[in-house]
Amino acid sequence: MIHPHSNSKTSSVMRLLLFTLTLLLTTTAGAQEMPVKFSVQQKQVSPTEVDVVFTAKIDKGWHVYSTNIPDGGPTAATMHTEKAEGAQPMGGLIKQGKEVSEDDQIFGMRLSYFENAVTFIQKYKITAKTYNIKGYLEYGACNDEMCMPPSTVEFEYSGKGPEEAPAAEPAKDEAATPAAADAALATALAAGTPTDTAAADSLAATVPAVIDSALVASSQDKWWQPSVDELKTLNGGNISDRSWLYIFLMGLLYGLLAVFTPCVWPIIPMTVSFFLKRSKDKKKGIRDAITYGISIIVIYLALGLLVTAIFGAQTLNDLATNAVFNLIFCALLVVFALSFFGWFELTLPSSWTNKVDNKASETSGLLSIFLMAFTLTLVSFSCTGPIIGLLLVETTTSGNWMGPAIGMLGFAIALALPFTLFALFPTWLKQAPKSGSWMNTIKVVLGFIELAFALKFFSVADLAYGWRLLDREVFLALWIAIFLFLGLYLIGILKFQSDQGSDKAMPVPCIMLGLVSIAFAVYMVPGLWGAPCRAVSAFAPPLYTQDFNLNTKEVRAAYTNYEEGMAAAKASGKPVMLDFTGFGCVNCRKMEIAVWTDPTVADKLNKDYVLISLFVDDKTPLDQPIEVQYNGKKRTLRTIGDKWSYLEEMKFGHLTQPLYVLVDNDGNPMTRSFSYKEDVGEYLKFLGEGLKKYKSN
């Protein structure tokens, strides 16, 4: 193949790279919207009948539960008629839409729900010349990670009935009764008015005797002050930056691994030598080699941006918990692992490579160099393809919608780096290690790693569908076997077909890494009997899937009332962890079983914090409904669960469960919030950040 000389400068490629990077780093932050949007209207179908119609649009990945939910399950769609003058309900709530029914392993019952859209209709019979009806629809909504608190859609309509009908009897005007201490307190604080001392004294009577009413009264206004902006700042700063950096470094690591594979390493000296020899001008040869490296970055970065553009932000976020996609990811990683083990070789059609190669020979300048770089990506696919596949799978399920682009940027920089460095310092080529069996060793090690990650993605689907094929002890047993065999391979006991003909002893670094892998396998053995094994807690299924578990330590909240718990924390001088939860919240139970049962987590929650669990679906009625204004809309709080749901939304700007917020004795958030993530290590870090902040104040 003849490679024509290039007289173009690299400035055009640099501009292209800068433009691509600008696209990568430009993001738009949008406000969080409700996943379920209800509209309500009345429809008078005849002089003697009127329908109240509730129509919902449900975001992808979410579902609204139906009307026929057994006791002890999640929140069912339920109609509540508060006033019916000149009218009376006819039958129960009518549902329209595609209803899905399935057995739920957590609740132990069959549940029905609607996805995408649903319509609920309540019929009323008109019995007077005029009518006035008032009430609300209560419903529950969840996705695979979290649930909304029980929500309501309120209505109030009036109209005319048959002329011959009698006049409507006015509803009895019941005398207003004094609100309970907690209801009055919530109303006063929500409205920003001074706290009622009598209400505070009444509330203090329910708090342990060590807490006096003056302490409670002086702090209640602070406890209910909104902290949405503060929590948003804490959540949006370091966490996002750290996530981006982690993904970039992960891509960089995978790129470095790809460099040392048999499909890439031998090409480096040939390519660099070609650029340096094809021109008498050494500076131009170096410039062309650098342009070649930049072209590699542009190609792989474009691939990452393409994945982001095809799937979109919402889809990439949903992939982390989508069972079907996780099964596909598992299958891909198994195929890639078998390829690295030498069972078969993944190659792209040779016609692709030939066409690009011929095109590079026919062109000149920047396009020629760019096509040469593209040829490299095609030729090296059998080695880089499985690594890129693992990287894209990891980044698309990272929860960061720009993950694929960021990861591919790191991968491309690492892959292009040796071409650029060896062009700048040609003498390094003489010192670089020669191609050999060590490159096949890297491939086999990557095969074991991909096989281990495949089990992680199968576990997500297994939990979602309730198959119970990969319970925690089964998962750990397979990982123990994988890392044990990896260790045996690295110390030279286990051989693959691709290793045939190599009878040399394994080098010392391989033997040391093999011992580390075997030790890691031994470390996981106690997990078969319930040991937390924090190093793998982010990958292994939760503890509740384990049939035999000796770890029975349990954490229970000392308080289920916000004001009472805050007063107790202030008296004892301890920080608070607010646990916004629900009786019907599946993922809340998963967190409690998989994370709170860890001995270190349990000790911190029991000894270092005052734990307050606020159940947003608690149906215990308040002594008197409370009307509040929030975001320009009127809302009626009728139950204790309504009150805690309102607190979560008004004070912290969230509506989903589980939500864990660490606050000081004035109710101010001290660090980032934590949601559903069965990762003991991350949870301990979260608790540690709160304690450090509390002690520094």
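Predicted model: local features only at pLDDT ≥ 70, side-chain atom pairs only at ≥ 80, totals over all residues.
## Briefing: helices, cores and a surface patch

Residues are numbered from 1 along each chain as its sequence is written, and side-chain values use heavy atoms, with hydrogens and water left out. The secondary structure comes to 22 helices and 16 strands. Helices (H or I, at least four residues) and strands (E, at least two) are DSSP runs, numbered from the N terminus.

**Helix α16**
- Helix α16 covers residues 472-490, 19 residues in total.
- From first C-alpha to last, α16 reaches 27 Å, close to the 27 Å expected at 1.5 Å a residue. The expected span is 1.5 Å times one less than the number of residues.
- Buried residues of α16 include Phe475, Trp479, Ile480, Phe483 and Tyr489. Buried means under 20% relative accessible area, exposed over 50%, partly exposed in between (1.4 Å probe, protein chains only).

**Nonpolar cores**
- The largest nonpolar core has 38 residues. Such a core is a set of buried Ala, Val, Leu, Ile, Met, Phe, Trp, Tyr and Cys residues joined through side-chain atoms within 4.5 Å.
- Tyr292, Ile296, Tyr300, Phe411 and Leu415 have the most contacts inside this core.
- The largest share of this core, nine residues, comes from α13.
- Isoleucine 296 is in contact (heavy atoms within 4.5 Å) with Ala373, Leu376, Ala412, Leu415, Ala416 and Phe419, leaving aside neighbours within four places in sequence.
- A second, separate core of 28 residues includes Val610, Tyr646, Leu647 and Met650.

**Surface patch**
- Leu417, Leu421, Leu424, Phe425 and Trp428 form a nonpolar surface patch, with about 420 Å² of accessible area together. Areas come from the Shrake-Rupley method with a 1.4 Å probe; for residues, only the protein chains shown count as cover.
- Patch residues have over 30% relative accessible area and no salt bridge, with nonpolar side chains (Val, Leu, Ile, Met, Phe, Trp, Tyr) joined within 5 Å. A salt bridge is a side-chain nitrogen of Lys or Arg within 4 Å of a carboxyl oxygen of Asp or Glu.
- Helix α13 (residues 403-424) gives the most to the patch, three residues.
- Tryptophan 428 sits in helix α14 (residues 428-431) and is partly exposed, at 38% relative accessible area.

**Asparagine 116**
- Asparagine 116 lies in the loop between β7 (109-115) and β8 (117-126).
- Its phi is near 70°, a positive value in a residue other than glycine.
- Asparagine 116 is exposed, with a relative accessible area of 54%.

Key
Patch = residues over 30% accessible without salt bridge, like charges linked within 9 Å, V, L, I, M, F, W, Y side chains within 5 Å.
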